[in-house]
Amino acid sequence: MTSPENKTYAQGYHPSVTRSHASRTVSTDAAFLLPYLRPNQHILDIGCGPGTITTGFSAYVPGGSVTGIDVSAEVLDQARALALDKEVYNVKFDTGDILSGLAYKNGEFDVVFCSQTLCHLSDPVRGLREMKRVCAPGGIVACREGDMLFRWYPLTHGLQLFNDYMAKAMFACADRQYASIGPVYRNGSMMHAWARKAGFDPDKIMKGASTTVYASEEERKWWGMLHAERVEMSDVGRKFREAGASDSELVQMVEALREWGNDVDGWYALMQCEIICRV
Ligand SMILES: C[S@@+](CC[C@H](N)C(=O)[O-])C[C@H]1O[C@@H](n2cnc3c(N)ncnc32)[C@H](O)[C@@H]1O
């Protein structure tokens, strides 16, 4: 059950939302963790979504196990179907809400991972505390979160509107103390500070970053159209409306995203913050 404090995951599960999650793999989104994995480890993936990263971990722990958890039973059906399709048998998926406390014992896992989940929690510090609890002494808690905002070239008016409403919508779901540095909305780049507040020893938090870049014709068309569809048809558009977007602004955003997708000079980047915390 979702805790009352945890406002619903704002982006929902429209195919335009889960399609981008399902494009993520261990090599694109968990490369920073791979050197630490050992064959017999037990891994927990929090907010695993459609499970492409989760399922990818299984080859790294053939003598261990991988468990994915998510608040959404709906998205876990996709994850289970993927594991079945790939014939991966040391992975399982459970419904669970990190903010309500997980049904696992203290220290049950060697590695506790999450990708793009903390930034969607109203209280990421509480989430990290729970990740620490279920991680064994000597184990690893590893997290990767984008640092808003998206960088677009060219930054047209419609894309600036998109960035502004994305920040407002995410800010509305977060506890303010965990979502701002001065007047600027931020998330991933605060993660190491959330981890320290959650009780991790700052000397045992490794802080790194990598980037996601979309610039080829294929990437631009995919990313631009996907976001246009999110604004038009998914909970993202609804959240933008709740944050004050007018009909005409929504149309401007959709048109700008489509134009960007077709612009030969179009370029997009997001800084991905990564932490490895030793328990
Ligand atoms: C942006 S998606 C990331 C999915 C996947 N980890 C990835 O990187 O593609 C965030 C996921 O976190 C899940 N989530 C949100 N709040 C949660 C909570 N309190 N406990 C567990 N999962 C949660 C959502 O349902 C969603 O599937």
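Reader: Which residues does Thr 212 contact, leaving aside its neighbours within four places in sequence?

Author: A contact here means heavy atoms within 4.5 Å. With the neighbours within four places in sequence left aside, the partners of Thr 212 are Arg 144, Tyr 268, Ala 269, Leu 270 and Gln 272.

Reader: What pLDDT is needed before side-chain atom pairs count?

Author: Residues are numbered from 1 along each chain as its sequence is written, and side-chain values use heavy atoms, leaving out hydrogens and water. The model is predicted, so totals for chains, interfaces and linings use all residues, local features need pLDDT of at least 70, and side-chain atom pairs count only at pLDDT 80 or more.

Reader: Is Thr 212 buried or exposed?

Author: Thr 212 belongs to strand β8 (residues 205–214); strands (E, at least two residues) and helices (H or I, at least four) are DSSP runs numbered from the N terminus. A residue is buried under 20% relative accessible area, exposed over 50%, and partly exposed in between, with a 1.4 Å probe and protein chains only. Because its relative accessible area is 17%, Thr 212 is buried.

Reader: Which side chain makes a polar contact with the side chain of Thr 212?

Author: A polar contact is a pair of N or O atoms within 3.5 Å; within protein, one must be able to donate a hydrogen and the other to accept it, and residues adjacent in sequence count only if both atoms are side-chain atoms. For the side chain of Thr 212, at 2.8 Å, the partner is the side chain of Gln 272.

Reader: How far is the backbone oxygen of Gly 138 from a polar atom of the side chain of Arg 278?

Author: Arg 278 lies in strand β9 (residues 267–278) and counts as partly exposed because its relative accessibility is 38%. Not counting residues up to four places away in sequence, Arg 278 touches Gly 138 and Phe 200, among others. The backbone oxygen of Gly 138 and a polar atom of the side chain of Arg 278 are separated by 3.1 Å.

Reader: Which residues have the most contacts inside the largest nonpolar core?

Author: A nonpolar core is a set of buried Ala, Val, Leu, Ile, Met, Phe, Trp, Tyr and Cys residues joined through side-chain atoms within 4.5 Å. In soluble globular proteins, nonpolar side chains tend to be buried together. The largest core has 29 residues, and those with the most contacts inside it are Leu 128 and Met 131.

Reader: How many residues are in the second, separate core?

Author: Leu 128 is in contact with Val 141, Trp 194 and Phe 200, among others, when neighbours within four places in sequence are left aside. Phe 162, Leu 250, Ala 256 and Leu 270 are included in a second, separate core, whose number of residues is 28.

Reader: How much of the accessible area that the ligand has on its own does the protein cover?

Author: A polar side-chain atom of Asp 97 lies 2.7 Å from a nitrogen atom of the ligand, and a polar side-chain atom of Arg 24 lies 2.9 Å from an oxygen atom of the ligand. Accessible areas come from the Shrake-Rupley method with a 1.4 Å probe; for residues, only the protein chains shown count as cover. Of the 600 Å² that the ligand has on its own, the protein covers 98%.
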